[in-house]
Amino acid sequence: MGRDHLGRFEHHLLLAVMRLGDEAYGMTIRRHLADHTGREVAVGAIYTALARLEVRGFVQSRLGDPTPERGGKAKRYYRVLAAGKKAVAKAQATLLGLSRELDRDLEQT
Amino acid sequence: MTPSAHRPPRLARWLLNRALDGAARSAIVGDLDEEFAQFIVPERGLRRARRWYWRQTLTSLAACLRAPGVSRSVLGEAAPLERALIQDSPNIGRDFVAAVRFCTRRPLISLIIIATLGTGIGASTAVFSVVNAMYLKKLPVANADRLVEISSREGGGFTYPEYLASRDAAGLDALIAGGRIMTTLGEGRERRQVSVQLVTGNYFDALGVGAGARGRVFHEEDATPGRPPVAVVSNGFWRDGFSGDANIVGRTIRLHWGFFTVAGVAPEGFAGTNIGFSPDFWVPLAQGATIDKHPALLGPKTDWLGLVGVLSRGATPEIVRASLFPRWHDRGSSPDDVVVEPIAREDQWLTPHRGLQLKILGLFVAVSLAIACLNVSTLLAAGIHARQKELAIRSTLGAGRLGLARQLLLEHMALACAGGAAGGVAGVWLSRVLVKLLSNYVNPEDLDVRFDATVIAFIASVSLLTGLAIGVVPALRWSRVSILATLQGGTPAGFNRVLRSVGLWWLIPWQVALGTVLLASGGLLLKTVHQLKLEIVSAAPDRVWFADLDFDDMLETPRSFGEFIERMRTQLQESQEAEAIALSTFRPLASTSRSPVFVEGLDNPPASRPGAWGDWGPPPPPPPRGAKIEKLWLVSAGFVTPGFFRALGLPLVQGRDFTTQDSVDGRHVAIVNQTFAARAFGRANPIGKRVRFTEAGPYGTEIIGVVRDLRYEHLRDAAPDAVFLPLAQIPVDEAMSPTASGRSVPRGLTLLIRGREGARLSADRLRQQIQDIDPRPLVDRVWTFDEEAGRTLSQERALAWLGSVLGTVALVLLLIGLYGTMTASVIRARRELGIRLALGASPGSLGAMVVRRSLLVVAAGLVLGLPLSYVVTKYFAHLLYGVRPNEPLVAVTVAIILLVTAAIAAYLPARHAAQVDPARALRAE
């Protein structure tokens with residue numbers, strides 16, 4: 001296992017955070033993932049995974065402002081760091097490499 | 001703010017707030033609230049939104065709990081690493097959950113620990129629930145705390161006129177009188193023995209007991225003569241004897257000569273005021289005389305009643321005493337001779353000596369629990385030692401020693417809680433087993449060992465104490481390990497230093513010491529049982545059968561006895577099966593009745609031997625009696641037919657046996673046993689000497705024979721002083737059943753049969769044969785002398801069995817504990833072992849070192865344990881028979897067993913040590 005190996009869930013998470021840009025926090029990430037994968041993810045699982053990714057240096061978090069809709073609780077925003085982007089790129093390349101020339105097969109299903 | 005109708009479920013939010021800390025709480029709860037209000041409710045409606053919230057709560061909590069601690073802390077503020085990892089306010093709930101999680105990660109060890117604790121706690125619970133049922137629970141009557149037992153210091157019962165005179169004494173709300181009799185229920189072949197308590201009419205009202213499952217109880221007005229006779233049946237007998245007949249009320253039953261209508265069933269759990277001896281029926285005194293047709297049951301000469309009073313509120317026993325004394329005649333010289341005592345539960349059914357049995361049981365169980373705790377402590381300590389590195393890191397990173405100790409303690413408490421729950425379950429089953437063991441003494445129906453609040457509180461506190469006991473020591477011990485040294489690559493732990501540092505040097509020896517106590521006690525008791533059994537074989541007549549017969553007035557005159565015996569003898573001998581047959585009023589090994597005896601010419605009678613009641617304790621102190629009674633010589637007295645001694649295989653060493661000439665009209669004669677003769681006459685010839693059994697009057701009975709001794713009362717005691725009289729000459733007072741002619745015959749007798757050699761008798765065949773010869777007597781029990789002797793050993797056997805079982809369990813625990821410790825130490829000390837090997841030590845010597853250590857630890861425990869077990873066994877030394885408390889054979893056997901166990905436990909770790917690869921050991925760490 002290399003140091004920048006990503007599990008599938010982590011892969012999806014990083015993609016979601018990259019897509020959401022400045023608006024990437026727990027709730028938005030969750031909804032984004034739910035929309036795309038069709039599965040409900042627990043927000044706690046998202047945070048624990050992001051925390052692990054933060055320790056490995058792939059993402060960075062910051063606290064936002066409290067808002068009334070959250071009962072006065074602050075939001076924690078995430079953004080992907082360079083190392084994280086490299087890991088995602090690697091994962092994408094792996095996927096591409098594995099699925100090369102299988103497009104026609106996949107399209108027919 | 002969202003309107004209140006659209007709030008997320010409060011319980012879920014509370015859960016989240018409790019389980020998560022600071023920043024994680026902010027983020028997760030905030031996100032969920034936001035999404036709930038803005039998206040989920042509008043999309044799915046309130047109800048499904050709340051369900052969504054709950055799902056999110058539970059899955060998020062699960063995810064957070066599964067996460068390693070580090071990442072949870074990283075969810076904290078974006079601050080330097082050290083600060084982020086400092087725990088904010090201690091959260092016991094979260095720590096406890098983490099503790100449980102940790103335990104479930106190591107199922108095998110946790111299961112062993114929980115099973116160990118469960119056994120110890122279960123055994124303690126069982127014993128406590130019995131103690132609770134016997135001593136602590138209140139009598140199930142309304143005014144239990146105001147009930148007093150009234151008696152006279154010199155003993156004896158009361159007559160009915162005395163009761164009437166005492167009824168309106170000051171200080172009492174009510175006074176009840178009662179006495180118990182055994183009688184037969186039903187008629188013909190379906191007769192059975194039952195116990196009936198005859199009580200005054202106010203019995204149930206004074207005790208505040210109402211009707212039970214059926215019908216009603218009787219009251220004062222039912223007790224007036226002339227009213228139809230009624231009876232109340234006990235709940236237990238209603239269920240067993242009448243099969244819970246729904247139509248029991250109004251049924252007519254026959255109690256010997258009397259007919260009674262069942263008025264109702266007593267409430268469940270009500271056993272009268274004599275717990276453990278609860279009667280099957282209650283009948284008003286006034287109507288009870290019809291049962292046995294006793295002419296003077298309520299007369300001034302029959303003093304057989306016991307008195308129980310209900311103290312008025314605010315009254316004291318002194319008031320009652322002062323008021324009662326003038327009403328009693330000839331009962332003592334001052335009000336102090338009137339005894340008014342609250343009814344203590346233990347006096348109901350256990351003499352203080354039987355309480356000893358419970359104490360010994362409690363001692364065994366407490367020792368077992370201590371061993372279990374020590375063993376678990378050992379396992380936990382070894383486990384902690386293995387986790388040293390992880391714990392050191394946690395401590396450095398801010399948890400602090402205190403936080404770590406708390407965490408460890410919580411883990412141990414979690415285990416203790418699980419052990420307590422397991423122990424509670426085991427205790428339910430074990431308490432039933434215990435009740436069965438005690439059923440020789442008391443009616444098991446009366447022992448309500450169901451768990452009530454007291455027992456549950458006991459389980460909880462024992463679990464808590466156990467948790468603290470096992471948890472505190474390892475947690476504290478750990479905090480002394482040097483953190484820095486550990487982090488720098490592990491202590492270069494010497495094998496011995498490892499053992500020492502975890503305090504195993506004193507945990508295991510104490511386990512061994514306590515185990516020694518159990519094993520030695522069990523061993524001594526086993527030897528006692530063995531010795532007593534030898535006594536049975538050597539002293540007991542073999543091929544002797546007993547049968548309890550109840551004649552129920554079928555034999556109208558004493559002469560009919562002779563005819564009955566003859567019929568039995570001829571018919572049974574004709575069938576070639578019986579060598580000798582006899583009837584008697586008592587049974588060997590059952591307690592006999594005592595009678596004072598006065599010997600002509602003997603002015604200084606020997607002291608009476610204390611009575612044995614079949615229990616084992618130190619001999620009871622002589623009762624504080626008036627001076628005249630102390631001077632009496634009390635002996636065992638029994639009435640027998642000719643052939644009794646032949647049936648028992650006892651030869652007559654002097655004189656002759658009874659014959660049919662010694663009948664009701666003949667001279668009064670007696671036969672004494674050797675002990676009696678020796679104590680009364682020394683070497684002089686007893687034949688022809690005269691005795692009497694009344695205080696005054698002529699010495700009307702002549703001694704005609706001396707028979708060899710037999711242990712009539714208990715296997716442990718020497719033979720009592722015994723005198724035997726012909727059954728045909730039984731005096732009127734002895735009997736309980738008047739006949740038409742005014743004479744009396746005894747109602748129940750024991751038939752003794754000595755089978756011929758080779759005859760195969762059995763209980764059923766004997767019963768059948770007796771009934772074939774004469775169907776009238778009720779044959780109650782048929783059994784052999786061996787069985788009777790075995791029954792008297794039941795308590796010693798039970799305790800020996802218990803001691804041995806617990807000792808074996810302790811041995812198994814010791815094995816596991818030693819094995820675990822040795823293995824852990826070998827693993828930790830791999831480096832040292834590798835060095836030794838590299839320096840030229842042979843693998844065999846390393847293995848030998850491990851085994852030597854193990855033996856030494858156990859030997860240390862033996863040094864502690866053998867003196868300790870000597871002290872403990874001296875405590876119940878009077879239970880032992882044929883062995884001394886410091887019997888060397890037992891001590892040596894125990895020592896050998898323990899040392900062998902130590903060797904076995906060390907075998908695998910020794911092999912492990914011998915197989916260490918020096919190169920790998922030196923490299924790794």
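Modeller: Buried means under 20% relative accessible area, exposed means over 50%, and partly exposed is in between, using a 1.4 Å probe on protein chains only. This is a predicted model, where local features need pLDDT of at least 70, side-chain atom pairs count only at pLDDT 80 or more, and totals for chains, interfaces and linings use all residues. Residues are numbered from 1 along each chain as its sequence is written, chains are lettered from A and ligands numbered from 1 in the order in which they are written, and side-chain values use heavy atoms, with hydrogens and water left out.

Biologist: OK, so is Thr701(B) buried or exposed?

Modeller: Thr701(B) is buried, with a relative accessible area of 7%. You'll find Thr701(B) in strand 18 of chain B, residues 701-707. Strands here are DSSP runs of E with at least two residues, helices are runs of H or I with at least four, and both are numbered from the N terminus.

Biologist: What does Thr701(B) touch?

Modeller: Leaving out residues up to four places away in sequence, the list includes His668(B), Lys689(B), Arg690(B), Phe693(B) and Leu725(B). Touching, or contact, means heavy atoms within 4.5 Å.

Biologist: Which residue forms a salt bridge with Arg690(B)?

Modeller: Glu702(B) does, and the closest N and O atoms are 3.7 Å apart. That pair links distant parts of the chain, with Glu702(B) in strand 18 and Arg690(B) in strand 17 (residues 690-692), 12 residues apart. Glu702(B) is buried at 15% relative accessible area, while Arg690(B) is partly exposed at 29%. To be counted, a salt bridge needs a side-chain nitrogen of Lys or Arg within 4 Å of a carboxyl oxygen of Asp or Glu.

Biologist: How many salt bridges are there over all chains?

Modeller: The structure holds 17. The rule finds 5 salt bridges across the interface of chain B and chain A.

Biologist: Let's talk about that interface. How many residues are in contact?

Modeller: 32 residues of chain B are in contact with 26 residues of chain A. Together the two chains bury about 2300 Å², and 58% of it is on carbon and sulfur atoms. Buried area is the accessible area (1.4 Å probe) that two parts lose on being put together, summed over both.

Biologist: Which helix of chain B gives the most to the side that touches chain A?

Modeller: Helix 2 does, with 17 residues. The residues on that side of chain B split into 14 nonpolar, 8 polar and 10 charged.

Biologist: Which residue of chain B does Arg31(A) meet in a salt bridge?

Modeller: That's Glu43(B), at 2.7 Å from N to O. Arg31(A) and Glu43(B) also belong to a network of salt bridges with Arg30(A), Glu40(A), Glu35(B) and Arg44(B).

Biologist: What about Arg30(A), buried or exposed?

Modeller: Arg30(A) is buried, with a relative accessible area of 1%. Arg30(A) forms a salt bridge with Glu40(A), the closest N and O atoms being 3.6 Å apart. Glu40(A) counts as partly exposed at 36%.

Biologist: How many helices and strands are in chain A?

Modeller: Chain A has 5 helices and 2 strands, in the order α-α-α-β-β-α-α along the sequence. Of its 109 residues, 43% count as buried.

Biologist: Switching to the largest nonpolar core, which residues touch the most other members?

Modeller: Phe364(B), Leu818(B) and Leu898(B), out of 62 residues. A nonpolar core is a set of buried Ala, Val, Leu, Ile, Met, Phe, Trp, Tyr and Cys residues joined through side-chain atoms within 4.5 Å. A second, separate core has 38 residues, including Val262(B) and Leu297(B).

Biologist: One more. Where is His256(B)?

Modeller: In the loop between strand 5 and strand 6 (258-265) of chain B. His256(B) has a positive phi, near 55 degrees, in a residue other than glycine, and it is buried at 2%. Ser243(B) also has a positive phi, of about 55 degrees, but Ser243(B) counts as exposed at 62% relative accessibility.

Definitions and conventions
Nonpolar A, V, L, I, M, F, W, Y, C, P; charged D, E, K, R; others polar.
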